[in-house]
Amino acid sequence: MKLLYTKRSPYARKPRIIALEKEISLELIDEDLKNKSPRLLDANPLGKVPTLILDNNKTVYDSPVICQYLDSLSDKNIMIPRGGWERIEILRWEAFADDLTGMAINLYMEKIRHPGAFNTDFVALSEKNIRDAYAHIEKRLTELNHFNLAPVAVVSAIGYIHFRLPHLQVKGALFQWFEEISQRPSIDQTIPVL
Ligand SMILES: N[C@@H](CCC(=O)N[C@@H](CS)C(=O)NCC(=O)O)C(=O)O
């Protein structure tokens with residue numbers, strides 16, 4: 001299987017971590033998103049990463065679907081409970097973390113597209129929303145104690161924010177939690193880099 005990705009993508013980081021945890025071998029193909037390859041555009045008409053290409057050439061996207069697909073391949077280190085409310089809770093954490101990621105990407109893009117002249121109301125509201133999301137996570141850290149897709153998605157979101165928006169670094173109990181989970185080899189090996 002080939003995973004089309006970039007080393008900095010927070011969405012691609014989730015399936016990379018899951019593959020490492022489940023010991024699923026993935027061929028990682030680094031994409032240039034400013035000059036998308038025919039392979040990426042053929043596999044995913046929107047040209048987004050992550051996109052997974054199976055050995056039979058079927059394709060899987062986007063990141064939540066790839067995570068579910070990879071987890072379904074074996075019962076080793078189950079990352080998403082197979083059913084019931086537990087499953088919904090984990091997928092809801094992922095949705096929350098992915099939306100937090102989206103907010104951070106939009107904020108970062110606003111700042112780099114309009115350096116010195118960005119929309120200050122938008123920036124202030126986005127930063128408030130991100131800090132409110134941190135408070136929400138910090139109050140529920142016990143829900144992230146068990147290693148599964150929920151902490152994977154939250155770590156990917158926070159890791160991206162630290163990478164692109166370092167002034168929004170987490171603090172206090174959330175910082176402690178983030179530091180501890182970052183020691184895990186699958187998290188350490190997937191830290192975003194340019
Ligand atoms: N909902 C998608 C979002 C994927 C996404 O937006 N990826 C970004 C990189 S982090 C991308 O491919 N951007 C290139 C583009 O939009 O042209 C997922 O979860 O996989």
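A: A helix axis here is a line fitted to the C-alpha atoms over the stretch in contact, and an angle between two axes runs from 0 to 180 degrees between their N-to-C directions. Keep in mind that this is a predicted model.

Let's start with α5 and α7. Helix α5 covers residues 120-139 and helix α7 covers 172-181; their axes lie 9 Å apart and the two pack at an angle of about 70 degrees. Angles of 65 to 115 degrees count as roughly perpendicular, so that is what α5 is to α7. If you want to find the spot on screen, look for Y134, I137 and E138 on the α5 side, which meet G172, A173 and L174 on the α7 side. Sorted by class, this α5–α7 contact has four nonpolar residues, one polar and one charged.

Helix α6 takes in residues 149-164, and its axis comes within 9 Å of the α1 axis, with a crossing at roughly 140 degrees. That angle makes α1 oblique to α6, and the crossing is right-handed. From α1, the contact draws on P10, R13, K14, I17 and I18, while α6 brings V152, A153, S156, A157, G159 and Y160. The tally here is seven nonpolar, two polar and two charged residues.

How does that sit in the whole chain? The chain splits into domain 1, residues 2-72, and domain 2, residues 84-184. Nine residues of domain 1 and ten of domain 2 take part in the contact between them. On the domain 1 side, the elements giving two or more residues are α1 (10-22) and α3 (63-72). Of these, α1 has the largest share, with six residues. The domain 1 side as a group holds six nonpolar residues, three charged ones and no polar ones.

Around the ligand you'll find S9, Y11, L33, G47, K48, V49, P50, D62, S63 and D98. That shell divides into four nonpolar, three polar and three charged residues.

Note on methods. Residues numbered from 1 in each chain as written. Predicted model: local features only at pLDDT ≥ 70, side-chain atom pairs only at ≥ 80, totals over all residues. Domains from an automatic or database assignment. Contact = placed C-beta atoms within 7 Å. Helix = DSSP H or I, 4+ residues; strand = E, 2+ residues; numbered from the N terminus. Nonpolar A, V, L, I, M, F, W, Y, C, P; charged D, E, K, R; others polar. Parallel < 35°, antiparallel > 145°, perpendicular 65-115°, else oblique. Near = placed C-beta within 6 Å. Left-handed = near helix turned anticlockwise from the far one by under 90°.
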